[in-house]
Amino acid sequence: MDRDDNIKEQKHPLWNACIQKEIERKPVAERSSDPASQLLLEKASREGIETAWDRYEAQNPQCGFGELGLCCRNCLMGPCRIDPLENGPKKGVCGATSDIIVARNLLRMIAAGAAAHSDHGRDVVEVLYLTSQGKIAGYAIKDEKKLKALATEFGLEVQGKSPEEIARQLAEAILDEFGTRKGYLQFLSRVPQKRRNLWETVGITPRGIDREIVEIMHRTHIGVDNDYVNLMLQGLRASLSDGWGGSMAATELSDVLFGSPQIKTCQSNLGVLKADEVNIILHGHEPLLSEIVSQVATEPELLALAKEVGAKGINCLGMCCTGNEILMRRGLPVAGNFLQQELAIITGAVEAMVVDVQCIMPSLTTVAGCYHTKIISTSAKAKFPAALHIDFHEKGDQALQAARQIVRLAVLNYPNRQQQKVCIPENRMEFMAGFSKEAIAEALGGSLGPLIEVIKSGTIRGIVAIVGCNNPKVKQDFAHTTLAKELIGKDILVVETGCAAIACAKAGLMRPEAAAQAGPGLSALCRQLGIPPVLHMGSCVDISRIMSLAAEAANALGVDISDLPLAGAAPEYMSEKAISIGAYVVASGIFVLLGVVPPILGSQNVTHLLSQGVEKVMGARFAVEPDPIAGAKLISEHIEAKRKVLGI
Ligand code: SF4
Ligand code: MSK
């Protein structure tokens, strides 16, 4: 198929059809705590544009069976649902109880989340493999030091070999991990021995991600695994294969290909859009697309074309985790987090929104139909009716050519901007990012030792990872920022990834000046190092950076991860990936606080297992607390209890 045939602009009936229906809307101040989002929600309301908040409110009341996790359609004797009311059915047609149905549903969510992260990881490994063989243009090995360290970790000889040869062997070894027959993952060597022994005893040492996901789908088929405890153990095992396998491969090899993040200053929020430049938003997850598009956007021919059409330049911006990837490595501005994707188009100032995979709302093409924005899909795995599709195969020079074509289309779309519809909020916030584990160690003088010392001395009480999405069930960004402020005020260092990190960046909590909001110990440490009290560690898959850091700290102290004063929190999560993340964080020994109730309350046994029983085995559990102030108190109590046991 030649390149022109790859461009398919399908005119959908909804294209150019703004939604004029009158919608009863909640006040914007109840929907979002972000002033830029509030401004654009007002604009959406005036222009009759429907957003995720409108659709959420229209869904209410949401299905009670779904909320409790009590509906099953795993076979064609169903769909079945368990009615918690006294006279309702208590078993599905096959005899499945609420325990079985809730556990199976949760497992399938873990499988989907783990698959999303790990398929992203596989794409990155495949590009490294092609790069090592010179079969792809536009990519290179940027971090040879990390490449050699990883190869050594995988038992490969690096002496006397070219970077390309090492990269080929490493890519082959990691590709093998996806369906490995050796029965364990190489990255598990990072985990303290005590925890590995525990996983072995319980029978949840993770194998290759492909195998774990297939096994979840097998076990949750009608009439296979009917023991909710046994089911949940497989859920933990598959999630560990994500956290210590697929996600870790995505992070580590992205660093090899695009460079390990270093500390830098960036800009956030919709005020980063420029009134007199071509604005291109890169949205989704994989850095493979965003890195190359942002690279070609600096080419002289494309900049000259932008001048020709009357623009002063080309402004490449990120959104969601693609935004996190390019800000961590290139320092490019991030326009917003999950709930701002529609709002970005509503500014009327976006020439193209380029998307790959994950967290991309199907509504984007409808919203774009009311403005001049082109939605350009690029992955064969994620197509959108009414979007322009430009295939971004990472082979030969096609990725480069596709990237140039995308930027060109955006530039040529600039004259179509309707000035009377343009509203760019003034809200823009500077912040520090790039806190990879290596960059943190460098800032501390070469190792994590000083960080461990300040935790031991009590200068900082512990570390909490705040991660995850936005969800219209929660006032946008409010839970993320309130929880972070409460924790730093208690001298707890906060590390973040994903849309949570973007929320705190926009709120000014990632500036060194935010040290003034921290407790005395953390504040002094931040001033001494010139860093903020809330550190941006990257995208969703980069939670693996946090896991590696936790493992390294535990190994240095000679304890298990579960002994450390650590916690995780997902105050506004919505995606199945977050369910997988929560599961591997708990299985790794870290307490997790959720701000949104997961769909498990239909089974008292599963609820009890995850909120209490699991602690006896894993040394960690889940807690649900929608109020971020009460949540911070719970976390602080947990951290102080851990300190007491450790005797620090
Ligand atoms: Fe109903 Fe059982 Fe089939 Fe589920 S697996 S739909 S509970 S019969
Ligand atoms: S992008 S998974 S909404 S964090 Fe990673 Fe944000 Fe959640 Fe997607």
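An open sheet of six strands runs in the order E14-E13-E12-E15-E16-E17 with parallel pairing, where helices (H or I, at least four residues) and strands (E, at least two) are DSSP runs numbered from the N terminus, and two strands pair if DSSP finds at least two bridges between them. Strand E14 (534–536) and strand E17 (622–624) form the edges, each pairing on one side only. On average, neighbouring strands of this sheet are turned by 25° against each other, direction ignored; axes are lines fitted to C-alpha atoms, for helices over the stretch in contact, and angles run from 0 to 180 degrees between N-to-C directions. The model is predicted, so that local features need pLDDT of at least 70 and side-chain atom pairs count only at pLDDT 80 or more, while totals for chains, interfaces and linings use all residues. Residues are numbered from 1 along each chain as its sequence is written, chains are lettered from A and ligands numbered from 1 in the order in which they are written, and side-chain values use heavy atoms, with hydrogens and water left out.

Within the sheet, strand E12 (residues 462–466) pairs with strand E13 (residues 492–496) in the parallel sense over five bridges. Val 464 stands opposite Val 494 in E13. Helix H21 (residues 498–506) lies across E12, E13 and E14 and runs at about 115° to E13.

The protein is divided into domain 1 (98–258), domain 2 (264–421) and domain 3 (433–646), with bounds that come from an automatic or database domain assignment. The centres of domain 1 and domain 3, taken over C-alpha atoms, are separated by 23 Å. Contact (heavy atoms within 4.5 Å) links 37 residues of domain 1 with 38 residues of domain 3.

Helix H11 (residues 228–258) and helix H23 (residues 543–557) have axes that come within 9 Å and cross at roughly 105°. H11 and H23 are therefore roughly perpendicular to each other; angles under 35 degrees count as roughly parallel, over 145 as roughly antiparallel, 65 to 115 as roughly perpendicular and the rest as oblique. The residues in contact include Trp 244 and Met 248 of H11, and Arg 545 and Met 547 of H23. By class, this contact has four nonpolar, five polar and two charged residues; Ala, Val, Leu, Ile, Met, Phe, Trp, Tyr, Cys and Pro count as nonpolar, Asp, Glu, Lys and Arg as charged, and the others, Gly among them, as polar.

The axes of H11 and helix H24 (residues 576–587) come within 8 Å and cross at roughly 95°, which makes H11 roughly perpendicular to H24. Among the residues in contact are Leu 236 and Leu 240 of H11, with Ala 583 and Tyr 584 of H24. The contact of H11 with H24 has five nonpolar, three polar and one charged residues.

Ligand 1 is surrounded by 14 residues, the closest being Cys 72, Cys 75, Cys 80, Cys 94 and Arg 104; a residue is near a molecule or strand if one of its heavy atoms lies within 4 Å of it. The shell around ligand 1 divides into nine nonpolar, three polar and two charged residues.

Ligand 2 is surrounded by 13 residues, and the closest are His 285, Cys 359, Cys 469, Cys 499 and Cys 540. Helix H14 (320–330) and H21 are the elements that give two or more residues to the shell around ligand 2. That shell comprises eight nonpolar, four polar and one charged residues. Domain 2 and domain 3 both give residues to the shell, so ligand 2 lies between them.
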